[in-house]
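Please look over the sequence and the 3D structure shown here before reading on. The notes after them are meant for someone new to this structure.

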Amino acid sequence: MAFVLELQTNSSQSYIKNYIISIIREFGINAIAANKKGKLLFAFDSQNKNLQECIESISKRLPASCFLTGSDHYNTDDIPDSLPSYSVEYPLGLGLCPSCQKELFDPSSRRYYYPFTSCSHCGGQYGFFTNFPYERKNTSFRFFKPCEDCESEINSVGIRENHHINSCHKCGVAVRLMNKNNERYANDAGSFRTMFEVAAKALMDNKRVLVKTTMGYRLFYKPEHVNSGSILMMINAKKITDYLSLIEQEFNALLSIERPILHVAVKEETLKKEIGDTVDVKYPDDGFSILLAKELQTLNQDYISYEDADKDTQADILMDYDLEVTHQEDMRLFINKDIQFIASGERVSFPSKLAPATDTLSIAHHLIGVRSDEMMLFDKMEHFESTKVAKVMVLEGHDEENWHSNQTLMHQDEASFMSVIAEHQLFGSSCVGTYFDEEASFLYYDGKKVIRVVPSRDFNAMDLLERMTTLREGSDRLVKNLKEKMPDLYKKLEGLQERGEVDLFEATAIILGLEDESMRGVTKEALKFIGKGGIQIDTHVKDNRFDHTAFLSSIVSYQLGGVGSVMLSYSIFESLGDYFSELIKEIQTKTKAKNIVLCGSHFANQSLFSRMQRNLKLTPPFMNINYPIGKENAVVGGVYL
């Protein structure tokens with residue numbers, strides 16, 4: 001008889017499965033572990049006397065994951081006859097698991113206040129990885145020989161079995177803290193704790209502290225100094241909901257081992273005055289951030305701001321060490337009550353594998369997809385050496401280098417569209433849908449190839465006012481009123497042609513008078529809307545293409561009528577949702593396509609996506625699961641085009 005533990009997951013990554021296997025091996029229980037169709041299955045020998053203790057340990061130590069959706073347990077007749085095993089195929093970029101966090105703050109531990117603490121299944125391993133295969137000799141930790149205790153952990157069952165960057169105070173990395181006047185080193189528990197105390201006090205004194213974390217350089221500073229690239233790091237988990245308006249799914253995701261960045265509404269008035277109505281927020285992930293946060297919390301600070309940086313970023317204090325570290329873009333997660341997906345980023349999604357294997361290699365956004373046995377392996381280009389392939393697909397505009405005699409350019413929208421088909425194994429099944437990132441294109445997959453049905457039309461800011469004047473009968477009065485009643489905006493639109501390349505949402509933000517003249521600015525403004533519905537913005541087509549001039553003229557018209565920027569921003573996305581849905585359904589009717597696909601980072605917008613959900617309720621669209629819906633998914637679709 002076997003006891004079966006079942007976990008429902010929508011991730012194909014193996015760190016949760018491997019973590020549980022490690023605990024099972026600790027208790028010496030025969031078991032079978034498998035990942036089948038969105039389920040992690042663990043069948044235990046129910047006669048083992050350690051079973052109850054093992055299950056309790058899993059329950060206590062298993063990290064929360066934003067990809068775990070449920071659990072179940074039952075019995076079967078199968079009897080496992082051996083210990084389960086696992087292999088760590090590639091490095092991780094995760095937060096710390098509960099066991100490693102416990103060691104970090106245990107005074108009796110060899111890793112008390114040691115910021116490089118991690119195990120085989122958590123932490124910032126990726127930053128120290130140099131090339132495949134993933135072994136210690138292919139990491140920057142190759143310069144450090146594990147001490148006797150760390151070596152024993154590597155060779156014993158448990159969460160650090162075969163941990164390629166295992167280290168502790170005795171055999172690990174020293175860190176230095178520097179300012180203009182002095183330099184101090186930390187290489188043991190006492191000096192590390194003092195170092196983080198000093199850094200936290202400096203932040204409270206309005207100093208800027210640049211920290212080389214295991215995830216890359218981060219510049220920390222007080223929230224009153226935020227800019228468009230700032231991220232709010234919440235320190236006190238118990239008070240997160242005092243400051244931010246979160247649904248339950250967002251709160252759980254924030255504290256999950258994936259440690260995503262979420263864009264949420266600010267609730268507390270003092271914080272709102274400092275940073276605005278909405279904010280990108282994150283919870284501390286690696287050892288450096290967690291230890292700094294701990295010391296800040298002792299100083300009664302509940303949050304701190306930071307931004308991704310590099311070694312040359314100006315700061316009052318620098319915390320650094322003598323190892324190279326590779327930065328990955330953080331995973332940004334979109335969540336509403338019904339669905340979640342990865343909006344953008346590299347962390348967690350890469351490295352990764354996907355079936356089936358092909359003899360095509362793809363290159364996009366400095367990521368590469370190459371065959372690895374019977375699957376495709378995706379990661380940063382610099383981690384691979386030479387390989388033999390039949391064909392190379394290179395993203396248009398990537399670079400001019402000729403990688404292969406059989407090389408073809410691919411387009412972002414087509415490659416992104418194909419990545420969704422590959423993830424959901426929709427090969428051979430007809431699909432229709434939209435790619436939306438600045439400009440929208442509509443695509444059709446006939447079961448063999450992707451066809452651009454309605455191409456995007458690049459926005460041209462040149463002579464915008466003239467085109468608005470001649471848009472339709474009476475439009476000249478609109479522009480005349482704009483010049484008389486809103487002369488500052490008129491001058492800005494008149495000067496657009498001198499700004500060089502301007503995208504549609506940059507022009508939209510300018511018309512709305514937003515400080516952040518970008519899609520992000522319009523999105524943030526829309527999140528301020530509290531109501532049941534907006535107004536209809538002109539999203540009609542001209543010559544079978546989206547009419548930018550009519551769209552912007554409509555916004556100007558409402559502005560002259562006294563409609564505020566919040567209502568207009570919300571209405572823009574609601575109207576775009578209607579436009580996309582109607583055109584998709586029209587193309588679906590004509591092509592008889594079975595499935596609908598959505599991709600492109602601009603769908604990570606609450607107003608727009610909620611509208612799409614409502615309009616496509618009877619035919620829910622397919623989207624990326626393990627990969628971002630944004631530009632990073634192109635490398636995945638490229639191998640299957």
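Predicted model: local features only at pLDDT ≥ 70, side-chain atom pairs only at ≥ 80, totals over all residues.

Residues are numbered from 1 along each chain as its sequence is written, and side-chain values use heavy atoms, with hydrogens and water left out. Helices (H or I, at least four residues) and strands (E, at least two) are DSSP runs numbered from the N terminus, and two strands pair if DSSP finds at least two bridges between them.

**The sheet of 4 strands**

- An open sheet with antiparallel pairing has 4 strands in the order β2-β3-β1-β4.
- Because β2 (31-36) and β4 (68-76) each have a single partner strand, they stand at the edges, and one side of each is left without a neighbour in the sheet.
- Strands β1 and β4 run antiparallel and are joined by 8 bridges, and Gln8 has Gly70 in β4 as its bridge partner.
- Helix α1 packs on this sheet, touching β1, β2, β3 and β4, and its direction makes about 10° with that of β3; contact means heavy atoms within 4.5 Å, and such angles run from 0 to 180 degrees between N-to-C directions of lines fitted to C-alpha atoms, for helices over the stretch in contact.

**Helix α2**

- Helix α2 lies across β1 and β3, running at about 155° to β3.
- Leu51, Cys54, Ser57, Ile58 and Arg61 are the buried residues of α2 (residues 51-61), where buried means under 20% relative accessible area, exposed over 50% and partly exposed in between, with a 1.4 Å probe and protein chains only.
- These residues cover an arc of only 125° around the axis, so they lie on the same side of α2; the arc is that of the directions from the helix axis to the C-beta atoms.
- On the other side of α2, the exposed residues are Gln52, Ser59 and Lys60.
- The packing partners of the buried α2 residues are β1 (2-9), α1 (15-26), β3 (39-45) and α3 (98-104).

**The sheet of 10 strands**

- A further open sheet has 10 strands with mixed pairing, in the order β6-β5-β14-β7-β8-β13-β9-β12-β11-β10.
- Its edge strands, β6 (183-186) and β10 (244-245), each pair on one side only.
- Strands β8 (residues 216-221) and β13 (residues 303-308) pair in the antiparallel sense over 4 bridges, with Ser305 in β13 as the bridge partner of Tyr221.

**Hairpins around β19**

- Strand β19 (residues 367-372) is largely enclosed by the rest of the structure, because 5 of its 6 residues are buried.
- β18 (residues 360-364) runs antiparallel to β19 and is joined to it by 3 bridges; in this hairpin, with 2 residues between the strands, His365 takes a positive phi near 55°.
- β19 also pairs with β20 (residues 375-380) in the antiparallel sense over 6 bridges, and in the turn of this hairpin Asp373 has a positive phi of about 60°.

**Cysteines**

- The whole structure has 0 disulfides, a disulfide being a pair of cysteine sulfur atoms within 2.5 Å.
- The sulfur of Cys122 is 3.6 Å from the closest cysteine sulfur, in Cys119, which is too far for a bond.
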